[in-house]
Amino acid sequence: MEIFVYQKGAHQVEEVFTMENIPELLANPDNLVWVDMEAPTVEEDKILSSVFHFHPLTIEDARVTRNAPKVEAFADYLFFIVHGVKLETNSFNFLTKELDGYLGKNFVVTYHHENFRSIDVVKRQVRNSSFVCRRGADYLLHQILDELVDLYLPIVDDFDNSINEIEERIFSQQRSNNAVLEEILSLKRSVARLRRITSKQLNVLYRLAHGEFPLIEEAHLPFYRDVHDHLQRVSDLADSYRDLITGLLDIQFNVVSNRTNEIVKFLTIFSGIILPLSLIAGIYGMNFENMPELKSHNGYFITLGLMLAVTVLLLIYFWRKGWIFQKDEDE
Amino acid sequence: MEIFVYQKGAHQVEEVFTMENIPELLANPDNLVWVDMEAPTVEEDKILSSVFHFHPLTIEDARVTRNAPKVEAFADYLFFIVHGVKLETNSFNFLTKELDGYLGKNFVVTYHHENFRSIDVVKRQVRNSSFVCRRGADYLLHQILDELVDLYLPIVDDFDNSINEIEERIFSQQRSNNAVLEEILSLKRSVARLRRITSKQLNVLYRLAHGEFPLIEEAHLPFYRDVHDHLQRVSDLADSYRDLITGLLDIQFNVVSNRTNEIVKFLTIFSGIILPLSLIAGIYGMNFENMPELKSHNGYFITLGLMLAVTVLLLIYFWRKGWIFQKDEDE
Amino acid sequence: MEIFVYQKGAHQVEEVFTMENIPELLANPDNLVWVDMEAPTVEEDKILSSVFHFHPLTIEDARVTRNAPKVEAFADYLFFIVHGVKLETNSFNFLTKELDGYLGKNFVVTYHHENFRSIDVVKRQVRNSSFVCRRGADYLLHQILDELVDLYLPIVDDFDNSINEIEERIFSQQRSNNAVLEEILSLKRSVARLRRITSKQLNVLYRLAHGEFPLIEEAHLPFYRDVHDHLQRVSDLADSYRDLITGLLDIQFNVVSNRTNEIVKFLTIFSGIILPLSLIAGIYGMNFENMPELKSHNGYFITLGLMLAVTVLLLIYFWRKGWIFQKDEDE
Amino acid sequence: MEIFVYQKGAHQVEEVFTMENIPELLANPDNLVWVDMEAPTVEEDKILSSVFHFHPLTIEDARVTRNAPKVEAFADYLFFIVHGVKLETNSFNFLTKELDGYLGKNFVVTYHHENFRSIDVVKRQVRNSSFVCRRGADYLLHQILDELVDLYLPIVDDFDNSINEIEERIFSQQRSNNAVLEEILSLKRSVARLRRITSKQLNVLYRLAHGEFPLIEEAHLPFYRDVHDHLQRVSDLADSYRDLITGLLDIQFNVVSNRTNEIVKFLTIFSGIILPLSLIAGIYGMNFENMPELKSHNGYFITLGLMLAVTVLLLIYFWRKGWIFQKDEDE
Amino acid sequence: MEIFVYQKGAHQVEEVFTMENIPELLANPDNLVWVDMEAPTVEEDKILSSVFHFHPLTIEDARVTRNAPKVEAFADYLFFIVHGVKLETNSFNFLTKELDGYLGKNFVVTYHHENFRSIDVVKRQVRNSSFVCRRGADYLLHQILDELVDLYLPIVDDFDNSINEIEERIFSQQRSNNAVLEEILSLKRSVARLRRITSKQLNVLYRLAHGEFPLIEEAHLPFYRDVHDHLQRVSDLADSYRDLITGLLDIQFNVVSNRTNEIVKFLTIFSGIILPLSLIAGIYGMNFENMPELKSHNGYFITLGLMLAVTVLLLIYFWRKGWIFQKDEDE
């Protein structure tokens with residue numbers, strides 16, 4: 001647990017306080033108190049109820065990590081759940097991390113089980129300058145959400161790359177069908193997950209940004225709207241990716257079916273040429289006693305010439321059907 | 001029929017009362033009366049109209065079990081229908097059970113034809129401690145709904161497993177096509193059913209949780225909101241499963257069509273090599289009198305060599321077309 | 001035209017009145033007058049304008065039978081159009097019948113060109129007991145709508161059976177592809193029709209059930225809500241059937257394409273075994289003078305053995321590829 | 001330009017006036033003036049601004065013909081754009097024609113570049129009887145819109161026929177695949193166009209019919225509602241056609257893929273029978289010196305018998321696989 | 001940076017002012033000041049905060065170019081982001097350019113990094129005549145938006161052509177499958193992008209056009225509505241294109257699968273005729289000592305006749321199956 005306290009007019013944020021100081025710190029409306037609880041101990045966890053007197057249901061929500069984003073107003077504080085994202089290494093998958101928190105008149109509590117890069121960034125900002133704290137608790141919270149949402153965009157850009165990559169693989173046909181299908185499926189699941197999370201999170205940010213909660217000063221609403229707009233962009237892109245990914249299955253299917261077409265065409269042309277020649281050979285392989293051609297001196301060579309002629313005629317036929325010698329045809 | 005009575009300030013819930021006591025129990029506003037009617041007898045059934053004076057349409061609804069979830073407000077009570085779920089053994093199917101009930105100022109009536117695990121749990125809680133009853137009838141009802149909704153999540157998790165399992169079967173191709181299709185169809189129906197039920201049930205919980213009914217104290221609304229949020233999660237997952245299951249049909253189709261492609265490719269390569277060799281054999285099987293090669297001492301061995309050469313050339317051709325010796329190709 | 005008159009407090013409904021009595025009957029607010037016009041004569045038809053003074057547009061709507069369900073409020077009466085359904089014999093198709101009508105303070109007019117089973121049922125109820133009439137015109141109308149909507153459910157259940165039946169046919173492959181496709185198409189049209197009608201009818205019932213029209217007493221709204229809920233169930237089922245039927249086309253396609261796969265596999269295995277054997281036979285059918293094997297005493301039998309060995313090796317190869325001897329494979 | 005003037009109480013509509021009379025005619029509130037401008041000259045066109053003083057944007061809209069249906073209220077008149085339809089000869093395509101117009105207290109202006117059948121019909125009515133004009137400008141406009149919308153239904157019925165026809169062609173397989181696909185595509189475009197236009201036009205009629213504009217008397221709203229309902233029916237049908245047409249592509253695909261299945265089955269059965277027989281013939285065509293069967297007196301006939309036996313066994317095998325002699329199978 | 005100043009009543013727009021004059025110019029409410037900043041220098045950029053005192057978030061938005069269209073109201077000015085489009089040369093792709101801007105009581109600020117054709121057009125208009133400026137800042141902004149939206153339509157028309165072109169290519173089969181698929185994919189992405197942008201931009205224009213912002217005079221709302229309607233048309237067309245493009249994949253697939261069908265049919269007919277003939281030849285190539293036909297003087301010719309007869313019979317069979325000699329069949 002880290003405690004940052006900024007007293008109105010001070011030049012710096014203080015970090016010297018401990019859990020025990022929180023009640024007196026909160027009592028002074030000139031203080032802005034940020035309590036960040038990362039993987040809190042049981043001891044630390046208790047202050048949520050004993051010191052802050054938060055609603056037991058919200059504390060329960062904070063302790064587990066299977067909640068969807070939401071925001072709830074209570075008499076003198078807001079409870080919110082938002083999700084951050086983290087790219088999984090070497091895959092286009094990503095993980096979501098739950099960040100629970102409370103916003104009061106003069107405090108922000110952030111509660112999370114995993115490390116958040118965005119929170120680390122804000123901590124650094126808070127330490128470097130009192131700027132972020134000077135405008136009050138709601139502005140501090142906005143800063144945290146802003147950093148958190150900014151980390152979504154790389155994920156979305158990554159999807160764009162993944163879709164392009166899979167597209168290339170489909171057309172180049174260098175990966176096996178099933179490998180491509182599994183990648184598409186996995187991407188589909190990831191985008192579905194992103195859409196599910198952002199749609200809920202957008203709703204949270206929309207409500208924060210549109211003056212529903214008096215704890216957020218009207219002058220700070222544009223900042224929340226800004227965060228909302230950034231996430232909206234993420235959500236819009238995720239929506240359009242979904243459509244594109246569904247299309248990939250059709251494309252892959254089209255490509256496979258065209259490949260089959262090419263192979264069958266080859267088989268057909270090949271059989272179409274060899275079978276008649278074999279028939280000719282078969283006919284002159286018959287053992288009838290009276291087959292005049294067999295006795296002809298040049299019969300064998302005429303027959304070979306006949307075979308060549310048949311071959312040429314069939315090639316011309318296939319060419320006129322557009323099955324061979326198409327310069328634009330991919331194989 | 002089981003009757004639980006909690007008198008304000010008491011330490012324990014009383015279970016000694018019978019049907020006949022209900023009118024006087026209800027008359028005392030300090031009493032909280034919970035009447036649980038499981039597969040009620042005709043006798044028991046009658047108290048709905050004779051003692052509680054519920055609207056005849058609601059009683060009719062309670063008696064049959066083909067209703068969708070709903071909640072209706074009457075002058076001094078609420079009537080609700082919700083659905084519980086139960087996994088069918090050895091299948092990813094599930095059954096729904098209808099729970100009808102009434103919420104009054106100081107009573108809860110639950111009416112069901114089948115046993116409900118969630119109700120048994122609440123009964124145990126009520127017997128163990130008066131905690132659940134101390135906050136009134138609306139809190140007791142919340143407890144029942146909470147337990148009931150909590151049993152949805154295992155079902156949904158089960159779907160997730162089923163989808164993964166089917167996916168694996170599709171790629172491993174160890175089950176027959178039709179068996180896989182039937183499983184997909186059955187899963188699709190189950191998810192459609194879950195979505196239909198949860199969407200209605202969500203609406204019921206939303207209305208209960210948002211202060212529409214004065215019978216539910218404002219201080220207890222967050223508890224109902226909590227139940228709503230849990231079911232919302234179930235519903236969101238069911239929604240995204242639907243998309244994934246529809247995708248499975250495409251995947252399965254893609255896999256079958258790729259398998260056909262592989263088989264046709266094999267046939268083509270095989271015929272492509274054997275047919276020309278057979279033609280060569282056929283040619284030298286002709287019975288022309290004048291075929292110089294036949295008399296050559298090494299003609300036979302040269303011909304065998306020719307066949308080998310043709311084979312090698314064709315293999316090279318197929319390899320350059322990318323049809324054989326692809327290290328990444330699945331078969 | 002049948003006229004039923006119930007006077008407040010009477011024990012029975014009177015059926016002795018004729019068209020001429022209607023004006024005086026209506027003048028008495030203690031009378032409840034139900035005029036049922038089935039395939040009315042031109043004479044009868046006239047009373048709509050001459051006696052009841054209904055809006056000419058509504059009368060025009062009543063006369064033709066191509067209207068969608070709707071309800072419209074006028075100064076002192078409601079005009080409504082609802083649709084009943086009737087199963088077509090030996091098909092999963094159904095017909096809709098238009099029922100037009102008016103609801104006034106003390107009268108109900110029903111106007112239809114075809115016979116309605118539901119109206120016959122209500123007539124029987126009205127004759128048997130004055131119960132239905134005692135609560136006024138709006139309750140009588142509710143009764144008619146209730147019976148009418150109740151006849152939708154068998155249709156919907158029938159769809160369920162049809163879908164299951166088609167599914168079985170698809171998997172059993174006992175019907176031809178086109179026959180199955182035509183059945184799916186026909187079912188699809190029927191469900192689309194049902195959805196179109198119920199969605200409009202639901203809207204009519206919703207407006208009747210939610211207190212929009214003062215002609216319907218508040219105490220009777222629950223009864224209308226009940227009718228609405230029943231139709232809602234029909235509509236929900238129709239919605240989910242639509243999804244299932246669309247899925248059937250995919251399934252059918254999957255099954256056909258798998259069947260093709262099976263057939264191609266057979267062809268490939270068969271050719272794969274026979275072609276090499278034929279090549280061997282062809283080689284030893286060549287007429288070279290110097291072919292040492294031909295002179296070997298056991299050459300023929302060794303060759304037959306070679307053919308057997310090739311066959312066994314190929315069978316093993318196909319078995320390892322998973323193309324034959326799969327116990328789970330359907331053919 | 002045609003000018004129809006009806007003076008209150010008159011028995012007939014006057015057609016003797018010219019452009020110059022319009023200002024004085026409008027000045028008299030007892031006059032109803034209908035100015036119909038079909039392909040107006042530049043001179044005529046000017047009166048929109050010089051006499052009527054319409055907003056310049058509306059005049060600009062009227063002059064071009066690429067606008068979507070809309071209605072806009074100005075201080076003392078309405079501007080509307082609606083679309084009529086016209087079937088293209090010998091195709092299931094249709095053209096839309098734009099009708100612009102203005103409705104004032106005592107005037108209607110209709111402005112169009114093409115001839116409208118519906119307007120000609122209303123002109124005839126106006127000349128025959130003053131009935132249409134007696135109820136004022138808003139009723140006259142309703143009459144025009146009613147006739148215009150009535151001409152949509154034949155188009156929609158035509159779609160129904162076209163869909164049925166294409167369906168039949170698909171199953172009968174008498175037209176080439178590409179011809180059918182092009183018809184489906186063309187129909188799809190037509191229905192998309194119809195839906196786009198009707199959805200906007202419905203919105204226009206909805207606003208006209210629901211009392212948004214005080215220029216339309218409340219007593220005439222039911223007439224506008226009637227027009228709205230008719231177009232609604234068109235729109236509903238177009239919606240359901242869209243679904244059916246999309247389904248046609250799937251059906252066509254299913255039929256083609258089934259046809260391929262049939263052909264491949266034929267090839268397989270044929271090869272499956274001929275290849276083994278050819279192998280047998282090949283074996284006894286080998287030139288080994290020691291082949292005992294060749295010397296047997298009945299060897300040839302036994303071999304022919306063997307071939308027959310193989311054929312019969314294979315036919316039985318294919319029959320048991322369900323590939324041949326299926327009475328219900330379409331080919 | 002270009003500065004246009006129009007003083008009320010003046011005959012011409014003045015362009016002689018520099019950055020330094022802006023504060024005094026703005027102070028006079030009779031001035032209309034248009035500041036167009038194209039790819040502004042750092043110096044110029046500063047006036048947004050130092051002179052106009054715009055909200056820092058809006059300035060930040062203006063500086064980067066990854067924002068979606070939006071409009072935000074501040075105390076005495078509006079901030080808006082809209083997108084213009086530009087066709088990419090030789091492709092059906094297009095680029096979007098972001099235009100940020102501010103509208104105040106007597107000023108318009110436009111801020112963009114790329115050149116805008118629409119802004120150049122308005123500059124020319126402003127220089128030629130004071131007409132555009134006479135009606136105030138809101139009318140000037142409308143003029144800019146109008147020109148900007150007018151450039152969308154050529155893009156949309158271009159899509160229409162592209163879809164038609166791809167359709168033709170699919171049916172003519174002159175381009176390779178993959179080339180066509182890549183074009184469809186690319187078109188799909190472009191339309192998705194257009195839909196995403198126009199839907200947001202429509203919302204901006206809707207809010208501007210419906211009196212939400214008092215900075216826009218009511219008399220000028222119809223002009224904004226006009227711009228909105230034009231973009232609505234673009235958006236509607238983009239919507240319907242999306243459907244058509246998705247259909248193209250199905251069509252392409254249908255065409256490929258039909259092509260496969262044709263090829264397989266050819267193979268089948270060809271094999272179906274040659275294989276039996278080869279069998280006959282094979283039979284008479286057997287070396288049995290006792291084969292009576294071989295000794296028949298005309299055996300050879302009878303056999304050739306038999307082959308011909310078999311060929312004719314098979315051709316008749318295939319013709320009756322509808323596989324050959326169909327005049328309407330495309331190949």
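Buried area is the accessible area (1.4 Å probe) that two parts lose on being put together, summed over both. I start my notebook with that, since area is what I looked up at the outset.

**Ground rules**

I am working on a predicted model, where local features need pLDDT of at least 70, side-chain atom pairs count only at pLDDT 80 or more, and totals for chains, interfaces and linings use all residues. Residues are numbered from 1 along each chain as its sequence is written, chains are lettered from A and ligands numbered from 1 in the order in which they are written, and side-chain values use heavy atoms, with hydrogens and water left out.

**Entry: chain B against chain A**

I found about 5000 Å² buried between chain B and chain A, with carbon and sulfur atoms giving 61% of it. Counting contacts (heavy atoms within 4.5 Å), I noted 58 residues of chain B against 53 residues of chain A.

Next I looked for salt bridges, meaning a side-chain nitrogen of Lys or Arg within 4 Å of a carboxyl oxygen of Asp or Glu. There are 6 between chain B and chain A. One of them pairs A:Arg242 with B:Asp243, at 3.5 Å from N to O.

Which helices of chain B each supply at least two residues of the side that touches chain A? I wrote down H7 (152-172), H9 (221-283), H10 (292-295) and H11 (299-320). Helices here are DSSP runs of H or I with at least four residues, strands are runs of E with at least two, and both are numbered from the N terminus. H9(B) brings the largest share, 32 residues. By class, I get 25 nonpolar, 16 polar and 17 charged residues on this side of chain B. For those classes, Ala, Val, Leu, Ile, Met, Phe, Trp, Tyr, Cys and Pro count as nonpolar, Asp, Glu, Lys and Arg as charged, and the others, Gly among them, as polar.

**Entry: chain D against chain E**

Here 53 residues of chain D are in contact with 58 residues of chain E. The buried area is about 5100 Å², and carbon and sulfur atoms give 60% of it. On the chain D side, D:Arg189, D:Ile263 and D:Tyr300 lose the most area to chain E, together 15% of what that side buries.

I count 6 salt bridges between chain D and chain E. D:Arg189 turns up again, in a salt bridge with E:Asp160 at 3.9 Å, N to O. Among the elements of chain D that each supply at least two residues to this side are H3 (56-63), S3 (70-73) and H8 (177-209). The largest share, 19 residues, comes from H9(D).

I found no contact between chain B and chain E, whose closest C-alpha atoms lie 9 Å apart. Chain C and chain E do not touch either, and their nearest C-alpha atoms are 9 Å apart.

**Entry: the sheet in chain C**

In what order do the 6 strands of the open sheet in chain C lie? I read S1-S2-S6-S5-S4-S3, with mixed pairing; two strands pair if DSSP finds at least two bridges between them. S1 (2-7) and S3 (70-73) are the edge strands, each pairing on one side only. S3(C) pairs with S4 (77-87) in the antiparallel sense over 4 bridges, and C:Ala73 stands opposite C:Leu78 in S4(C).
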